[in-house]
Amino acid sequence: MTDVTGLPLPAELAARAREILAGRAEPVPTRDAATVVILRGAAPEVYLLRRKATMAFAAGAYVFPGGSVDARDTDQAVAWAGPSPAAWGAVFNAAEEVARGLVCAAVRETFEESGVLLAGPGPDSVVADTTGDDWESDRLALIDRSLAFADFLARRGLVLRSDLLKPWAHWITPEIEHRRFDTRFFVAVLPEGQRTRDVGGEADHVAWQRPAEAIELAHRGEIFLMPPTYHTLTELSAHDSVAGVLAERREIVPIMPRAVEIEGEMRLVTR
């Protein structure tokens, strides 16, 4: 989504865009959210989920694991190792409490949607396997919110490893959408010994894919990628190793695609 001509909007969104631009409708507020790009392999592959066609937001799209910040994600009882919430706040230009919630949501949602857990018994260790029935029970309890993330970690004697996350980007849902998110993107490497699994829930299919291959599938119309996912995959495709991805210096600035009228057609552009 780097082309200044942008993407044409479907009729319903085009009509809403005109209403907002004319001041006859107000954008809905955003919700804080976190997304994690999980990488594996020497020549990196990324973990993608296809959202069910019945989902209210991004139905049918291939996305990275992630979701909204839960109120309990800001709980200071969450055991923590690595850069502090204040340090993350400086990276994302966010208040410390917001940053705490974003990092916790990133780790929690990654476990909920892939089975990958960026946590360990101490600041220099990480859980080796999360595939047992007891882990699955906890994962489901986190999803239905009957179990708080802080309690989950405490019961298992684990600490969140914020140092296993790399800040990558900051995307804000366009004002024309009916559901909007203020999303920080992270990158993380699949911990040694852990493996992802098809966990269901909001997704009906999962896949490991080379970034360039995913982009090619999107060009052929075989998969649907939303602009932030497409843009992120394009950036990642420039690297031939995980080390290269992790070494990239990132300046985190908010990106919010906007609707503009070009030759009578409403289009979504990023610049």
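1. Counting rings of Phe, Tyr and Trp (its six-membered ring) as paired if their centres lie within 6.5 Å, the count comes to nine aromatic pairs. In one of these, Phe111 and Trp135, the centres are 6.2 Å apart and the planes stand at 75°, so the pair is edge-to-face (planes over 60 degrees apart; under 30 is stacked and the rest tilted). The pair joins distant parts of the chain, with Phe111 in helix α3 and Trp135 in helix α4 (residues 133–143), 24 residues apart; helices are DSSP runs of H or I of at least four residues, numbered from the N terminus.

2. This is a predicted model, in which local features need pLDDT of at least 70 and side-chain atom pairs count only at pLDDT 80 or more, while totals for chains, interfaces and linings use all residues. Residues are numbered from 1 along each chain as its sequence is written, and side-chain values use heavy atoms, with hydrogens and water left out.

3. Phe111 is buried at a relative accessible area of 0%, and Trp135 also counts as buried, at 11% (buried means under 20%, with a 1.4 Å probe and protein chains only). Arg156 lies over the face of Trp135, 3.5 Å from the ring centre (CZ of Arg within 6 Å of the centre and within 35 degrees of the ring normal).

4. Arg100, found in helix α3 (residues 96–114), is buried yet has no salt bridge, the nearest side chain of opposite charge, Glu96, being 4.2 Å away; a salt bridge needs a side-chain nitrogen of Lys or Arg within 4 Å of a carboxyl oxygen of Asp or Glu. The charged end of Arg100 sits over the ring of Trp80, 5.6 Å from its centre.

Notes. Helix = DSSP H or I, 4+ residues; strand = E, 2+ residues; numbered from the N terminus. Buried < 20%, exposed > 50% of the residue type's maximum accessible area, 1.4 Å probe, protein only. Lys, Arg positive; Asp, Glu negative; His and termini not counted.
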